[in-house]
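User: Hi! I am new to this structure and would like to get to know it step by step. Could we go through some questions together?

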Amino acid sequence: RGLMFGVSVLPALLVMPALAVTEETVQVTENMNINEIVPDGIIHVTSGHAINSISGYTGTLTTENISLVTTAEGQRRAIQAAYAGSGVVLGNENTNSIHIESENEIAVLALDNSDVQLTAKDIDISAHLYGLDAETGAALTVDGFDFLRVESSADSAILALAGGAKLNITGKDVEIISDSVGSSAVHAGNNTTNVENSDDLATVNIVADNVTIQGNSGGISAMSQGIVNVSGNLKMQAEDAIVARGGAKVNINTDGAHTTQMDGNINFNYDEDTSGTPVDAYVNVNLTGAESYWKGNTYVSYGTGTPPDDSYLIVKESSLVMRDGATWTATVIEDDMSGETSGHSYTALNNLNINNGVVNIQDTERGITVDNATVADATFNGGPLNIGTKLDITGGENLFAGDILGDGALNVASGAVMNIGD
């Protein structure tokens, strides 16, 4: 049952041959060239997976255009690979397009030390649950693309989970979208608290010219020592741009070579049922250039129950770097810690480093609190700046429209100019 193309030729009708659509799961039971089975690169199934590799072998499909679709109910994926030695290679430098779709579950799943690689100029992936999912030590690589789009309607579009799983994305333009309420577009979690070797931690690496991340609830989440690294001109929009806890790490353009445009708060979250780990996590955001901005603020929250004590809600490792005309608009956080099962409140930014940047403080009463600030050619508009430990003014002209409050030390370098008030 193939696609049919017809060309009207009077007085007769010329009918072109139908494309060969494979409607059964391709089971990878040996190292195999799937091109020989599916010469047109189309596998559309209504039951089962499109490609299934769980026997320690690799299946390779490298046709010019590839389309894998499953509309099956239950735990059925367009690509499934599991166990060491198992893998799927889809596309190469000569592949124009890859389309992967799972109507009811995961589009691409790599499990248990398996290896999946996708390469094409244009890649489009859509799923009900995860679009790209690497778990328990697996490696999932997507590269060589001009454009990649990954979308999930009910969960995270990108997921690296447990056992040092690695999900690496390298190319030109990336668009990642999650329409889910309660999930982030990109998520990494290792489900550990004391692993020391970063190679053993679940990691998402995104390296591209341009990266767009859009989440209904969250943009990026990292939990229980999971790691997310993003390098590229970033546009990210979500209610919470970043959600983190449990010693996880989120690094946004730490090389200072790209623009960052971030709409949404940074939420350090405690969740009793799913984790129980303290909220502290490493979050490093770099804003470089006049086009870079962050509109949002930092806060702590808890869900499904209150933490055992206040120490679970202490943040020590949040950092913001601003360079070359970047702007931070610090929005107002409304505190509500009265709930038995959920609550949220403003928390300080631990480290702020500015070399030519503007901070617009929307909360004119409370202002913002920064533990350690190092500034040069900085402008603070709006409410007060509260210093927890120290404020180092290292150079240039610095304007503080509001008061400078707090118990922190003030150090002004020779030649630096400090103006307080309008």
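Predicted model: local features only at pLDDT ≥ 70, side-chain atom pairs only at ≥ 80, totals over all residues.

User: The rings of Phe-380 and Phe-400 form a pair; is the pair stacked, edge-to-face or tilted?

Analyst: The ring centres of Phe-380 and Phe-400 are 5.1 Å apart, with the planes at 10°. Phe-380 belongs to strand β32 (residues 368-382) and Phe-400 to strand β34 (residues 397-400), so the pair ties together parts 20 residues apart in sequence. Both Phe-380 and Phe-400 are buried. Planes under 30 degrees apart count as stacked, so this pair is stacked.

User: Which ring does the charged end of Lys-249 sit over?

Analyst: For a charge to sit over a ring, NZ of Lys must be within 6 Å of the ring centre and within 35 degrees of the ring normal. The charged end of Lys-249 is 5.4 Å from the centre of the ring it sits over, that of Tyr-282.

User: Which element gives the largest share of the lining of the largest pocket?

Analyst: The largest pocket has a volume of about 800 Å³ and is lined by 34 residues. Elements that give two or more residues to this lining include β20 (184-189), β23 (227-244) and β25 (260-271). The largest share is four residues, and it comes from β25.

Notes: Residues numbered from 1 in each chain as written. Heavy atoms only, no water. 1 Å grid on protein atoms, 1.4 Å probe; cavity = no way out; pocket = protein on both sides within 12 Å on 5 of 7 lines; lining within 4 Å. Points joined across faces, edges and corners; volume = space filled by probe spheres on them. Phe/Tyr/Trp six-rings, centres within 6.5 Å; stacked < 30°, edge-to-face > 60°. Buried < 20%, exposed > 50% of the residue type's maximum accessible area, 1.4 Å probe, protein only.
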